Every structure is written in structure tokens, then in C-alpha cells.
Amino acid sequence: MMRKPLLWLPMVLGLGLFVLFYLGLENPGQRIINSNVIGRELPEFSTQVAVEGVEPVSSENLRDGNPRLVNVFASWCAPCIQEIPVLLRLRAQGIEIDGIAVHDRPADISRFLAENGNPYRRIGLDNEGRSQLEIGSSGVPETFVIDREGRIVYQHIGIVTEQDIPEILARLGGTG
Amino acid sequence: MMRRLLLAIFLLTAAPLAAQDYAHEALADPAQEAAAIELMDSLRCVVCQGQPISGSNADIAGDMRRIVRERIAAGETPEQVREWLITRYGDFVSFKPVVKPATWGLWLVPLAALLLGLVLVSRRVRLRRN
């Protein structure tokens, strides 16, 4: 057996792989799925009116020449409440923010905005997640930086915190 | 009376059609539905990532099933619909591995291992004969 140690190599490799795959089965792990639309032409989409008198969001009005943020949120999403103060601060700095509410109801959206504040200029209702799928968003909250051609240049997954502001401002500024 | 009864029947049968939601309801054409199900079994739910969209209760999985059925009903092939989702979410959304430079290893290693095995065995057989 000891004369040809090399002969044992394939078996050892095979066993090693088996152990590796077995551990992988036990722990599948979540991965962040980034949008694949970043840097590409924005697919066509539109949303419904969410709040009376407020214009909804569409791919067309994202191409109007103003860089901005698009925030995907929902009134039933607790982390979305948490990031509203940060979005309000960005808005106070003159950043334009459009909101897309997924799987929501107009009455709930209005209550959400009344309770937490309204950082949005446009708000769209996306009850069937169509615009969410079009831009490659996989959950709430997510924040997209849109350049003046209406292209996605950056996707932030999860809550926007104070620490994320410099990155977001840099991405917005880089679009000019 | 008869007219009212008819109206009631019409209304009862019309309502489900009006509320047709492909997130949860099958396509009318069994062949198209079979193709849609087969595709949905091989697409990953982007939230509950271990699950295909056919077996997930997440809202977004329903949204993805709706898109799949609508596009198949509109005459797209399953592979076109898969491509639609990959364009938006990347290869990870599909359980079907693709052949491209980044995945060549995946396809070539088993072949290489098989070849190596054949070479080793044939050498051994020749040694025995001699």
C-alpha cells in the first residue's frame, strides 16, 4: 500500500469532494441576487397610481434626464420604515426619489406615508410585481440609482443607512 | 324567474374567468400548461432560493409564475422565457446550467476524469498481458 501513495490520490480526492458536497447539502446558504439590468437599457414598465394626485413611476419618466433614486418598498415591510428617515435626509439634500410599492394597497400606502414621512416625488403601485421583475429586484427594500438616460447604474439591496449615503451620492454624481 | 336564474349562472361562471390569475391558475391549453410547469420547475425563486418557483408560496414566486404562463400563452418558447428572466436576474435564476466559458470546467472535468480513467485502465490491462 505504501509503495505507490499516488494511487490513493483519486480516492482521497473523491472522498474529499463527497464530504464537501455533503456539507453543502446541509447548508445551502442564501446568496444576494443582483439585478442583471445594471448598466443596460431599462426594460419598459409602468405602475398604477398609488396615491391620489401623485404621478406613478414608469420606465418612460425615468428617462426624463434627471438622475435619481428608485426605492422599491412596501407598507407591510418593517425594514422599509427604518430607512425612511435616511431617504428623507437625502430628499432634503435635493435628491429626487421615486418609490415603487409592491404587493400593496393604496390605503395602506397612504397610512404608511402619513406615519413615517414621505420621501417620494413619484409613487407607483406594483401589485403584481411586474416592474420589480423588469428591473431585476428580488425583494424589499431595494434602492436603485438611475442615471440621466434612465439606466440603472447601482443597486443597493436592503436598508439604506447613514453609512450608505456617500456611496449613493457618489454613484448619483458619477452619472452627470 | 328563469331569466334571473340564467343571469345568476352567467355571473357565477364569469367571475372566475375575469379573475384569472396565472400566478395560481393553470393555462387552458394542457400542452402549454405542461410546458410552463416544466419550465417553472427549473427556475429559482429569488427570495426562497432553494426552491423552484413552482413550489414556493412567496409573492415574488407567484409573480414569476404569472410571467411564465403569460409569455407561454402568448406563444413564446420556454427557453425564450428562461432567457427573459436571466436577462433580469442573471444565470443564478435558472437551475439549468448553461455552457459558456465560465462553466466549461463543469462540463469538461467529468469528461477529463473519464478519459484519464480509461488511459489508466488500458495501461494496466496492457501491463498484465505482458
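Mentor: Chain B is divided into domain 1 (2-96) and domain 2 (98-130), bounds that come from an automatic or database domain assignment. This is a predicted model, in which local features need pLDDT of at least 70 and side-chain atom pairs count only at pLDDT 80 or more, while totals for chains, interfaces and linings use all residues. Residues are numbered from 1 along each chain as its sequence is written, and chains are lettered from A in the order in which they are written.

Trainee: How far apart are the centres of domain 1 and domain 2 of chain B?

Mentor: Taken over C-alpha atoms, the centres are separated by 42 Å.

Trainee: What makes a space a pocket and not a cavity?

Mentor: On a 1 Å grid over the protein atoms alone, a cavity is a set of points where a 1.4 Å probe fits but cannot get out, whereas a pocket is an open set with protein on both sides within 12 Å along at least five of seven lines. Lining residues have an atom within 4 Å of a point. Volume is the space filled by probe spheres set on the points, which are joined across faces, edges and corners. For the largest pocket that gives about 640 Å³.

Trainee: Which residues lie nearest the centre of the largest pocket?

Mentor: Of its 14 lining residues, these are Leu6(A), Leu7(A), Pro10(A), Leu120(B) and Arg124(B). α1 (9-26) of chain A and α5 (104-129) of chain B each supply at least two lining residues, and α5(B) gives the most, with 8. Helices here are DSSP runs (H or I, at least four residues), and strands are runs of E of at least two, numbered from the N terminus.

Trainee: How do the lining residues of the largest pocket divide into nonpolar, polar and charged?

Mentor: Ala, Val, Leu, Ile, Met, Phe, Trp, Tyr, Cys and Pro count as nonpolar, Asp, Glu, Lys and Arg as charged, and the others, Gly among them, as polar. On that basis the lining has 10 nonpolar, 1 polar and 3 charged residues. The second largest pocket, of about 160 Å³, has 4 nonpolar, 2 polar and 4 charged. Its lining draws at least three residues from each of domain 1 and domain 2 of chain B.

Trainee: Why are α2(B) and α3(B) called oblique?

Mentor: Helix α2 (residues 30-40) and helix α3 (residues 59-73) of chain B pack at about 140 degrees, with their axes 10 Å apart. That makes α2(B) oblique to α3(B): angles under 35 degrees count as roughly parallel, over 145 as roughly antiparallel, 65 to 115 as roughly perpendicular and the rest as oblique. Axes are lines fitted to C-alpha atoms, for helices over the stretch in contact, and angles run from 0 to 180 degrees between N-to-C directions.

Trainee: What angle do the axes of α3(B) and α4(B) make?

Mentor: They cross at roughly 140 degrees and come within 9 Å, and α3(B) and α4(B) are therefore oblique to each other.

Definitions and conventions. Side-chain values use heavy atoms; hydrogens and water are left out.
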